[in-house]
Structure formats: structure tokens, C-alpha cells
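Student: Before we start, could you take me through this model slowly, and give the definition behind each term as we meet it?

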Amino acid sequence: LPTIATHGTIFCTTGTHKASAIFLDQELVITSGLILSDNESCVEKLHNALQKSPIVECVKTGELRQISELDFRIVQKHDSVLRERAARACYVVHSRRVKECMETMLEGLQVCINGDTKPVRSYASLFASIVILSTNLSKHVSWEQVKVVFERLQPPSGGMLKLLDNVVTVSTPFGDESFFNTCHVGHVSNMIGEHGCVLLLDTYLSSGCQGGAVYSSHRTIQGILIGASFMYRSENVSFPLAINMEELSGIVLNRRNLCQSLAMTLPMPAFRSVCMIDSQGCWGTGCAFELNGKRYIISCSHVLVTDNITCVFEDGKVMHPKLVYKNPVFDSAYDIALMEATFEEAQSSNWFCQLANYIPRIGQRLYAVGFPVFKSFASESNFKPSIIPGRATKYSEGILFTDCSIQCGQSGGPIFDENGLLVAIAVSNFKSSVDNLIYNCHNMCVPVKDIYSILEHYSKTCDKTSLAGLQADWNVRSKWKLKAPVILNKL
């Protein structure tokens with residue numbers, strides 16, 4: 001784990017918002033631009049100033065002098081004792097790319113700030129900015145000092161993050177010092193926006209994490225956290241976001257930004273088999289597989305509203321498959337739809353993965369791949385499926401549970417093993433009747449092993465009547481409806 005002595009919390013004495021912060025040296029501190037969300041007049045002025053320049057010096061910009069006069073306090077740990085220091089805002093660094101990503105790819109997200117739920121778009125300028133502060137109130141901080149510090153933060157050659165890399169986040173959940181220096185271990189599940197300027201993580205974070213740090217396994221800082229919990233269509237979604245440090249360094253040091261999505265450990269054929277399925281506005285995720293020389297696409301029946309189906313693959317490749325089977329009772333096991341690629345479209349090989357004819361062992365590493373929440377992750381010009389590692393947590397005949405962070409939009413998406421074999425189809429999360437919340441790390445999938453013989457028989461015979469076996473028996477349907485099993489009491 002990275003050293004955590006250089007972290008703290010930050011708040012403004014005139015507001016109520018508390019966030020995480022990072023000490024760059026003995027005096028300089030950085031945090032998320034959302035620390036300014038308590039001051040609406042500042043937000044508007046900052047938005048106007050950042051349209052002219054990505055770097056704003058608060059003291060010299062007359063209309064932003066109000067920001068430099070705000071009374072910030074930084075709480076830091078010294079020898080197991082928390083100490084508070086005054087600080088003032090010196091500079092704001094803004095990324096146009098991150099702002100565009102928040103306004104376009106993440107359109108529809110809402111965030112709760114100061115007790116009010118508002119569209120992320122309303123605070124896009126703050127999400128896309130960091131504030132640089134100084135605890136030395138008697139000294140002017142030059143821009144050259146800031147650049148020297150950012151030079152030291154540069155990762156070594158070849159040290160940029162890539163998909164599925166392990167990361168550690170350090171922050172203060174809820175801004176409450178009782179949780180000071182909390183570490184969460186996770187992975188990079190996606191790199192979105194132009195040049196991968198925004199990192200999407202699979203770590204479990206909460207409000208107050210904004211301004212915390214994302215470290216690589218080599219203990220180099222790789223990002224600044226800007227958000228974790230959001231609302232989308234009246235449902236809570238876990239969406240831990242961070243600004244890629246390469247993006248910020250490129251702006252501060254005036255260098256060509258090189259951050260981008262690089263290679264991953266998941267086998268490429270498995271990644272290429274993933275597609276976004278659109279059925280006249282209803283959409284989800286699908287997976288193309290090959291069996292006995294035949295090529296199919298599998299997804300959930302509830303994803304398909306009509307037989308008019310479009311599948312979008314990597315590199316903008318589009319397929320219009322023929323619907324072979326769809327469970328007529330889509331909310332009952334198995335929630336499976338099977339499509340067949342036309343002869344002409346199926347000629348492009350390496351789109352198709354292989355099926356796993358085994359049950360994953362409990363604790364086995366698995367990968368959920370799909371398009372969580374946003375259809376924009378699968379545009380023809382920006383194909384960015386998320387890859388979320390997790391593990392098999394429970395198996396019962398007809399149903400596989402995993403702890404992969406799966407959300408709306410990933411219905412019908414593949415669950416791969418480490419060899420890229422398709423072991424299950426993601427169907428749904430668990431929604432509690434107690435608190436009415438969706439738990440995205442407690443999800444239910446159809447094990448491929450339990451339907452393998454049916455799919456194999458059809459691939460050999462093309463007998464559609466054999467697919468009726470995809471309608472599960474009463475015992476399996478009861479499990480999917482989470483009905484309590486019968487308890488035999490023998491006295």
C-alpha cells in the first residue's frame with residue numbers, strides 16, 4: 001500500500017462540504033474542484049474564467065479573487081494526532097476533455113451536493129477541475145513551483161495505467177476524520193473520454209472521497225478522485241471516477257497528453273466478442289460465441305423489445321443477427337435470448353469467443369464485461385466496454401452469484417474466466433425490499449454449464465424445439481425469484 005501520511009481532509013469555514021485532499025509537499029495541497037460547490041457565485045465566475053484558459057491564478061484574476069479569500073482548513077495527521085491548518089486557493093487547473101466527458105458520455109448522471117440532487121452537467125466545470133492550495137499564507141506560490149512538484153509526480157517510463165491494473169485509493173469517506181486515510185483496493189475497469197482522461201474504477205467509494213488519490217501498485221499517484229455515488233433514473237449507481245493524472249500533468253507541464261487505454265490482461269478474443277445490443281431503443285450487452293462451427297450471439301430476453309436487432313462491436317463493426325429464441329416469460333429463468341449471425345456477417349472471425357463447459361469454483365476470478373449505465377460507451381467512434389474483475393461467490397443449480405460490480409446496461413453481458421471462456425451471462429442485481437436499494441456487487445447470472453447441452457444440441461441439429469429447454473424447471477425458477485427453500489423439520 002502507498003504511504004498515506006500526505007493525505008488529509010479539507011473544508012471551507014463558510015460552507016458545509018468536506019472532502020479529501022493530497023499534500024504535494026510541505027505546503028502545496030490539491031483537491032477536487034467540487035470543494036467550491038458551496039459557493040454558487042464562485043462556480044459561475046470560475047466557469048466563465050476557465051473558458052478562456054485551463055489554468056487560472058485566483059489572486060491575479062480579479063473576478064476570482066473571491067476564491068483566494070475563502071478560508072479553507074486542512075486537517076492532517078501528525079504522529080497519530082489530527083492537526084488543522086489554514087490554507088488559501090492559489091490556482092485552478094481545468095481539463096476541457098474531462099468536462100466534455102461529464103457532459104456527453106455521462107449525460108444523465110445526477111449528484112447530491114449540499115442536500116440537493118442536480119444534474120452532473122450543472123457542476124461539470126468543477127468535476128473537471130482541481131484546486132491547488134497553499135498552507136503558507138505569507139508567501140506567494142509561483143507557477144514554476146507548481147510545475148516542479150508535478151514533475152516529481154510523473155510516473156516512470158511505461159508506468160501509465162492500463163485496463164484491469166490494480167489500484168489503491170486513499171481518501172476520507174464522508175469527509176469524516178473517523179475514517180481518515182481509508183484505503184480501498186480495486187482495478188481500472190475503464191478509461192473514458194478523449195485519450196482516456198477519466199478513469200472508471202471498481203472500488204467501493206462514498207461521498208467525501210473527492211480529492212483523494214488513486215495509486216498504482218508501484219505507489220505512484222495516477223489520478224484524483226472526483227466522484228463515487230450518483231443517481232441515474234432515480235436509482236443509485238456506484239460510479240467511482242477519477243481524473244487521469246496524465247491528463248492533469250499534460251495541462252500543468254504543457255506537454256502532449258499521452259494517456260490512453262492500453263493493453264489488458266483479459267484475452268483479446270474475449271474482449272472483441274462483446275457487443276452493445278440495441279432493439280429499437282431498448283439496449284443492453286451481448287456476447288458472440290462459436291459452437292460446432294456455428295456463430296451466435298447470446299444476451300437476455302428482456303433486452304430485446306422487438307426482432308429488429310443491431311449489435312455494435314469494436315471498431316464500429318455492426319451486425320444485424322437473426323433472432324432464434326427468446327424466453328417468452330422474460331422475468332423468469334432462464335432470461336436468455338439467442339441470435340444467429342448471418343452468413344455474410346459471420347465471416348469476420350475473432351469476434352467470437354468459446355463457451356466454458358464447467359461450473360466456476362467459489363472464489364475463482366471472473367470478469368464481467370459490458371456497458372454500465374451509458375449507451376454512449378458503445379458509440380461507433382468510441383467503443384469502451386468496462387471490464388470489472390470479481391469472483392464467483394455462490395453456485396446453486398441454475399444460478400451463479402458473483403461480486404463483480406454490475407449495473408444497468410450490463411444485462412446479457414458476458415462473465416469470462418481468466419482464459420477468456422464464457423462461463424455465465426449477467427442477468428440482474430439484488431434489490432433489497434428492506435431499503436429499496438440495488439446492490440451492484442451482489443448479482444445473479446446464468447451459468448453456461450447449465451445450458452451448454454441445449455446450445456450444443458441446437459448447433460448440431462438446428463432443431464428450434466430443443467431450445468424450449470432454456471425455460472427452466474420450477475426448482476430453478478424459484479431460486480431466481482429468491483423464494484426461500486423448503487425447510488424440513490424432523491423431530
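Student: Which residues of helix 8 (residues 452-461) are buried?

Tutor: Let me first say that this is a predicted model, in which local features need pLDDT of at least 70 and side-chain atom pairs count only at pLDDT 80 or more, while totals for chains, interfaces and linings use all residues. Residues are numbered from 1 along each chain as its sequence is written, and side-chain values use heavy atoms, with hydrogens and water left out. In helix 8, the buried residues are Tyr-452, Ile-454, Leu-455, Tyr-458 and Ser-459. Buried means under 20% relative accessible area, exposed means over 50%, and partly exposed lies in between, with a 1.4 Å probe and protein chains only. Helices (H or I, at least four residues) and strands (E, at least two) are DSSP runs, numbered from the N terminus.

Student: Why do we say that the buried residues of helix 8 line one face of the helix?

Tutor: Seen down the axis of helix 8, these buried residues fall within an arc of 165°, so they line one face; the arc is that of the directions from the helix axis to the C-beta atoms. The buried residues of helix 8 pack against strand 17 (282-291), strand 18 (294-299), strand 21 (322-326) and strand 22 (337-340). After helix 8 comes Cys-462, with a positive phi near 60°.

Student: What makes the buried residues of helix 5 line one face?

Tutor: The buried residues in helix 5 are Trp-143, Val-146, Val-149, Phe-150 and Leu-153. Down the axis of helix 5 they fall within an arc of 120°, so they line one face of the helix. The face turned away from this buried side carries the exposed residues Glu-144 and Arg-152.

Student: At what angle do helix 5 and helix 6 pack, and how far apart are their axes?

Tutor: Helix 5 (residues 143-153) and helix 6 (residues 245-252) pack at an angle of about 145°, with their axes 10 Å apart. Axes are lines fitted to C-alpha atoms, for helices over the stretch in contact, and angles run from 0 to 180 degrees between N-to-C directions. Trp-143, Val-146, Lys-147, Phe-150 and Leu-153 of helix 5 meet Met-245, Leu-248, Ser-249 and Val-252 of helix 6, where contact means heavy atoms within 4.5 Å. The residues of this contact divide into seven nonpolar, one polar and one charged. Here Ala, Val, Leu, Ile, Met, Phe, Trp, Tyr, Cys and Pro count as nonpolar, Asp, Glu, Lys and Arg as charged, and the others, Gly among them, as polar.

Student: Why is Ser-249 called buried?

Tutor: Ser-249, which is placed in helix 6, has a relative accessible area of 3%, under the limit of 20%, and therefore counts as buried. Leaving aside neighbours within four places in sequence, Ser-249 is in contact with Phe-150, Gln-154 and Asn-254.

Student: What makes helix 3 (residues 96-103) largely enclosed by the rest of the structure?

Tutor: Six of the eight residues of helix 3 are buried, so the helix is largely enclosed. These buried residues are Arg-97, Val-98, Lys-99, Cys-101, Met-102 and Glu-103.

Student: How do you know that Ser-129 is buried, and what joins its side chain to that of His-94?

Tutor: Ser-129, in strand 9 (residues 129-134), has a relative accessible area of 0%, and that is why it is called buried. A polar contact of 3.0 Å joins the side chains of Ser-129 and His-94. A polar contact is a pair of N or O atoms within 3.5 Å; within protein, one must be able to donate a hydrogen and the other to accept it, and residues adjacent in sequence count only if both atoms are side-chain atoms.

Student: Which value of phi does Asn-181 have, and is Asn-181 buried or exposed?

Tutor: Asn-181 has a phi near 60°, a positive value in a residue other than glycine. It lies in the loop between strand 10 (166-171) and strand 11 (182-192), and with a relative accessible area of 12% Asn-181 is buried.

Student: Where is Val-373, and why is it called buried?

Tutor: Val-373 is placed in the loop between strand 23 (365-370) and strand 24 (378-379). Its relative accessible area is 2%, so Val-373 is buried, and it has a positive phi of about 70° although it is not a glycine.
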